[in-house]
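The following note sets out numbered comments for a student who is reading this model for the first time. Please keep the sequence and the structure in view while going through the points.

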Amino acid sequence: MDLSLTEHVEDRREPRPRQDSGSDPRVPLRLLVVEDDAQDRALLMTLTRPRAGEWQRSNLTFAGTLAEAQQLLTTQTFDVALVDLALPDSFGLETLERLLSSNRDVPILVLTGDDSTELAERALARGAQDYLPKGRLDRATLDRALRYAIQRQRVVTELETVSSQLRTANSRLAKIALIDPLTSLLNRRGLQQALTRELHWSERDATTLSALLVDIDDFRDLNAGFGHAVGDVVLQEVARQLREGVRPEDYVGRIGGDQFLVLFTPESEAEGRSIAEQLRFAMQGSHITSGGKSVQVTASIALIQIPEELSSIDSLLGYCNRILGSAKAGGKNRIAENAESAATQSGSAVSAALESMRTGRGLRVARQPIVRLSDGGIVGFEFLARSEVEPFHMPGAFFGLAQENELLTLIDQRFFELSADASTQLDAGSWAHLNVFPSTLIDVPTISLVETLVSRGHATRTCVEISEQQIIGDPDYLQGPVSELRNAGVRIGIDDVGFGRSSLESLVQLEPDVIKIDRRCVLGLVGSSDKQRSLVRLLAVASTLGAEVVAEGIESREDLFALQDLGVRYGQGYLWGRPM
């Protein structure tokens, strides 16, 4: 989510802590004397020397050049610096400014000649605390100047601390004012800022800004049947799916109630429809079960290209809600667009995609390497479903369309066969990981899947992955097919473990040979103690079951090193390349 919608800047710099010698007369002051004249040095030593019976009042450190003084200011701690602005390697205000740049926490008292009043006053304007004419300098004057300089610096430091805290608080308040507290998405105000800015950039760059208004179907009935607490969980789950279903640069916000708004800039109308379809399919995969009751969560979506005149959130929502009405009237769980031609194209795209699925045209598999984390050596490949049919390129889109049209088992079996064909190209020592839906294991005789693998001569080097997110209810119904596959020498993997509907029951009953850790548990692992604790628990379960662990979604070397430290041996992700 983009939170850079406010011009407030959080300043995390804090003043360097100093011991306050000036608050206790028994603690000697640490004085830096920047002076190259031997007589002036001797004068200062005399004025700071304790009389009989007095405490040691000052510890003096001398520097004869600007370079030496800068080095001391950056490596040692001082209460006050007494500085002659005329040094062998610098003169005048340059001396002061360069010392201040080395350490602004040390107050500077300028030592001047009797005829240097003008220069001294200019030094005060540039940041010096006070100036002391050498010719009129005595013990009382020096003591008073040192005491006042330390007190003033203490006040300045306290003010800087308070100001920093105030800036931080104001920045946080500004962010809170833009965020919906339940979902952590942008609120109406945050969306308005995003809309104003994106419309300006869209006009400047000659691009098209689009919007998706997402409305959860029958949310009022869901609240009434399950309670508001369950309703809040549904809203948070929908928010998560929307965030994960769009790009990082897109804006996602909650308008209020059960409506969400997405602002994005697709490269084409087809891409806009594809994103809308993917979001709709993702949401209809959510099931809420409570008190013995279960309901499928769906959403109706309005997709528009935003015209310039819709520059306010209120006008945009009014326009989108009129379009949304046609999706609701058409049976809900639909997408409505703001142009008849676009709707016609969308309908044609669906028909073409369904025909391709039935005939097998436009379907292909990609593969992604599975590597040893210790050295990056490839141990196998996972084969992934892809489509060439617009706008249903990604798996969530075309599998969702297939499910809606009762083609899921047909398409899944076809991809299983394509993956088996592709696996014959692997080296003899490489493992092939093939995906299959739980519903396919029930609908298709297991012997048919086994024969597909045996005929390709690769059964004993195959791992069949079952997505845990697709296992609904008690997984006992999968034990028969899983046992038959295992008897044929096929390894069993449980995919997407550790997020969403993850169930310990699935892992215990199916006793997988491989556990694939969901990418959402891996991304940002190094910066999340919660993810690390969760992963440690999953690794303990895997160890108990004797299952090998593969971490998915590894994109950074930092997360790679964190996984290695936790004892994970295998992984896959964009760090080693995208699926090809």
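1. Strand β15 (residues 363–372) pairs with strand β22 (residues 570–571) in the antiparallel sense, over 2 bridges. Within this pairing, valine 371 stands opposite glycine 571 in β22. The model under discussion is a predicted one.

2. β15 also pairs with strand β16 (residues 378–387), again in the antiparallel sense, and here 9 bridges are found. β15 is mostly covered, since 7 of its 10 residues are buried. For the student, the background is that strands of a sheet pair through backbone hydrogen bonds, either parallel or antiparallel.

3. Which residues touch the most other members of the largest nonpolar core? That core has 63 residues, and the ones in question are Met357, Phe399, Ile411, Phe415, Ile466, Ile517 and Leu563. Leaving aside neighbours within four places in sequence, phenylalanine 415 is in contact with Leu363, Arg364, Val365, Ala385, Arg386, Phe398 and Phe399. Another core lies apart from the largest one; it has 26 residues, among them Leu185, Ile216, Phe264 and Met283.

4. What are the partners of β6? Strand β3 (residues 80–84) pairs with β6 in the parallel sense over 4 bridges, and leucine 82 has leucine 109 of β6 as its bridge partner. Strand β7 (residues 130–133) also runs parallel to β6 and is joined to it by 4 bridges. There, leucine 111 stands opposite leucine 132 in β7.

5. An open sheet of 5 strands has the order β9-β10-β8-β13-β14, with mixed pairing. β9 and β14 (335–337) stand at its edges with a single partner strand each, so one side of each has no neighbour in the sheet. From one strand to the next, the twist averages 20°. Helix α9 (residues 269–284) lies across β8 (210–216), β10, β13 (299–305) and β14, and runs at about 165° to β13.

6. At one end of this order, β9 and β10 run antiparallel and are joined by 5 bridges. Glycine 256 stands opposite glutamine 259 in β10. The loop between β9 (251–256) and β10 (259–264) holds aspartate 258. Is this aspartate buried or exposed? Its relative accessibility is 18%, so aspartate 258 counts as buried, the cut-off being under 20%. Not counting residues up to four places away in sequence, aspartate 258 touches Val214, Asp215, Ile216, Phe219 and Leu235.

7. Helix α2 (residues 66–75) has Leu66, Ala69, Gln70, Leu72 and Leu73 as its buried residues. Seen down the axis of α2, these fall within an arc of 165°, so they line one face of the helix. The elements that cover them include β1 (29–34), β2 (58–63), β4 (86–87), β5 (90–91) and α3 (93–102).

8. In helix α16 (residues 479–487), Pro481, Val482 and Leu485 are buried. Viewed down the axis of α16, its buried residues fall within an arc of 100°, so they line one face of the helix. They pack against α14 (438–443), α15 (446–455), β18 (462–467), β19 (491–497) and α17 (504–510). Glycine 489, with a positive phi near 90°, follows α16.

9. How many disulfides does the structure hold? The number is 0. Cysteine 463 is buried, with a relative accessible area of 0%, and cysteine 521 is buried as well, at 9%.

Key: Residues numbered from 1 in each chain as written. Predicted model: local features only at pLDDT ≥ 70, side-chain atom pairs only at ≥ 80, totals over all residues. Heavy atoms only, no water. Buried < 20%, exposed > 50% of the residue type's maximum accessible area, 1.4 Å probe, protein only. Contact = heavy atoms within 4.5 Å. Pairing = 2+ DSSP bridges. Arc of directions from axis to C-beta. Core = buried A, V, L, I, M, F, W, Y, C linked by side-chain atoms within 4.5 Å. Axes fitted to C-alpha atoms, helices over the stretch in contact; angles between N-to-C directions. Disulfide = S-S within 2.5 Å.
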